[in-house]
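Thanks for coming. I have one structure to go through today, so please look at the screen.

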Amino acid sequence: MEEFIVTVDGPAGSGKSTIAKIVAAKYGLTYLDTGAMYRMIALYALENNVNLEDEKSVEAMLENTKLDIVGNKFFLNGKDVSEEIRTPEVSGIVSPVAAIKAVRVKLVELQREISKGKKTILDGRDIGTVVFPNAQVKIFLVASPEERARRRLNEYKEKGIEADFESVITSIKERDHIDSTRKESPLMKADDAVEIDSSVMTIEEVVQAISECIDRKVK
Ligand code: CDP
């Protein structure tokens, strides 16, 4: 099978994973949530009090973390952590973890390995710029911070996680700032990515816009 890569990058809560899952089902693509991989490393760091300032501790952490993805389940050293990686605590530490070069090197390699030779849609921050600069279709999905915070708050509510709008929007803005200003693979739009602002679009409308980009490439 010929490799076909669709990348969806953008800030926290812009709807990347919701949209990527639907597009994956529609076109028979494998979906890879790269943010979940950074979240697994962040969870390990949190649970093991890893000193992120210390290179040796980070190295040891990377040696001691085995990540497996089976369908939509995420396993850290054999344990299903699909729920734990979505908590506000993990969201609070994931951006500093993802800014570490050694962490990115390991995860980018894994992302390329998983997608090699396949038809895949990946979402993240640096997929169209760094992981797959030659991807066939590149999307940059954005939305206003207020709308993104509302969506994240709803997700928390559905899961029974307590949170308030102010703390969620503050966390999102903090994460945006760290992700966009870090030295290693900062969040930015690839020159050849199509930007879609989902603030006032329905899910169907965003899926339609991305479908048009894919259809143009496939034809
Ligand atoms: O779902 P949400 O938009 O909250 O974020 P995520 O996609 O789960 O990603 C969590 C964090 O991982 C981001 O804030 C980034 O710091 C980092 N990340 C990254 O650096 N590179 C990626 N390709 C994906 C995520």
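Predicted model: local features only at pLDDT ≥ 70, side-chain atom pairs only at ≥ 80, totals over all residues.

First, the annotation. An unreviewed UniProt entry lists G10, P11, A12, G13, S14, G15, K16, S17 and T18 under "binding site". I'll take two of those residues, G10 and K16.

Where does G10 lie? G10 is in the loop that runs between β1 (4-9) and α1 (16-27). G10 counts as buried, because its relative accessibility is 0% and the cut-off for buried is under 20%. Setting aside neighbours within four places in sequence, its contacts are K16, G124, R125, F140, L141 and L187.

K16 is part of helix α1. Is K16 buried or exposed? At 8% relative accessibility, K16 is buried. Its side chain comes to 3.2 Å from the backbone oxygen of G10. Not counting residues up to four places away in sequence, K16 also touches V8, D9, P11 and D123, among others.

In soluble globular proteins, nonpolar side chains tend to be buried together. Here the largest nonpolar core has 34 residues, and I41, M61 and V103 have the most contacts inside it. Elements that each supply at least two residues of this core include α3 (55-63), β4 (73-76) and α5 (101-115). Which helix gives the most to this core? That is α2, with nine residues.

As for M61, residues it touches beyond four places in sequence include I41, Y44, L52 and V103. There is also a second, separate core of 19 residues, with V6, V23, V206 and I210 among them.

Technical notes
Residues numbered from 1 in each chain as written. Heavy atoms only, no water. UniProt positions renumbered as here; feature names shortened; annotations may be inferred. Helix = DSSP H or I, 4+ residues; strand = E, 2+ residues; numbered from the N terminus. Buried < 20%, exposed > 50% of the residue type's maximum accessible area, 1.4 Å probe, protein only. Contact = heavy atoms within 4.5 Å. Polar contact = N/O pair within 3.5 Å; in protein donor to acceptor, adjacent residues only side chain to side chain. Core = buried A, V, L, I, M, F, W, Y, C linked by side-chain atoms within 4.5 Å.
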